[in-house]
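Please have a look at the sequence and the model before I start talking.

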Amino acid sequence: MYIVTTENIADKTISEVKGAIFSEQVISVNIVKDTLSGLKGIFGGKSTTYSDEYAKGRNLAIKDLKAKAHSLSANAITKVQVSYTQFVNSDIMLIAITASGTAVVIEE
C-alpha cells in the first residue's frame, strides 16, 4: 500500500477516491520513563524515551489508517498528515496522535 503526504503518487493514476480516513491514538508515557527523561533533560541530551513513544503512536495511527483504507478497498492513502498533542491527566502523561489521509485506488 502506498502512503504519501502528497496529493498524487508519481507515475500512478488515481482511479477512485474512497474518502477521508482518520485515526486517533492516545498512549500513556510510563512514569519511570518520564522521570528518567526529565533527569536527562536537566543534564542535556536527546530524550529517546519521548522519541520512542511518539514513534510508537505514529506507527499505531498509520497502521490504523492502513486498516481503514483496506476496509474501503483502497490500495493507497494520499495527503497523510500526523499531529501530536500531549497532556497530563491525573499525573499521567498522555500523548494524543491524530492521523488523517485520503483513501484512494490507484491503477497498478
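I will go through the sheet, then the cores, and finally a few side-chain pairs.

Let me begin with how to read this: the model is a predicted one, in which local features need pLDDT of at least 70 and side-chain atom pairs count only at pLDDT 80 or more, while totals for chains, interfaces and linings use all residues. Residues are numbered from 1 along each chain as its sequence is written, and side-chain values use heavy atoms, with hydrogens and water left out.

Now to the sheet. The model has an open sheet of four strands, arranged in the order β1-β3-β4-β2, and its pairing is mixed. At the edges stand β1 (2-3) and β2, each with a single partner strand, so one side of each has no neighbour in the sheet.

How many bridges join β2 and β4? There are 13 bridges, and the two strands pair in the antiparallel sense; along this pairing, I27 stands opposite I95 in β4, and I21 has G101 of β4 as its bridge partner. On the other pairing that I want to show, β3 and β4 also run antiparallel and are joined by 12 bridges, with V82 facing A99 in β4 as its bridge partner. These two strands, β3 and β4, form a hairpin with two residues between them, and in that hairpin S90 takes a positive phi near 55°.

Is β4 mostly covered or mostly uncovered? It is mostly covered, since 13 of its 15 residues are buried, where buried means under 20% relative accessible area, exposed means over 50%, and partly exposed lies in between, using a 1.4 Å probe and protein chains only.

That brings me to the cores. A nonpolar core here is a set of buried Ala, Val, Leu, Ile, Met, Phe, Trp, Tyr and Cys residues joined through side-chain atoms within 4.5 Å. The largest one has 16 residues, and those with the most contacts inside it are I21, L65, A69 and I77. Two or more residues of this core come from each of β2 (14-28), α2 (48-71), β3 (76-89) and β4 (92-106).

Next, the aromatic rings. Rings of Phe, Tyr and Trp (its six-membered ring) pair if their centres lie within 6.5 Å, and planes under 30 degrees apart count as stacked, over 60 as edge-to-face and the rest as tilted. A search of the whole structure finds one such pair. The ring centres of Y54 and Y84 are 5.1 Å apart and the planes are at 65°, so this pair is edge-to-face. Because Y54 lies in helix α2 and Y84 in strand β3, the pair ties together parts that are 30 residues apart in sequence.

Last, the charged side chains: a salt bridge is a side-chain nitrogen of Lys or Arg within 4 Å of a carboxyl oxygen of Asp or Glu, and by this rule there are two. One joins K18 and E16 (3.1 Å, N to O), and another joins D64 and K68 (3.3 Å, N to O). D64 and K68 are four residues apart in helix α2, which means that about one helical turn separates them.

Technical notes: Two strands pair if DSSP finds at least two bridges between them.
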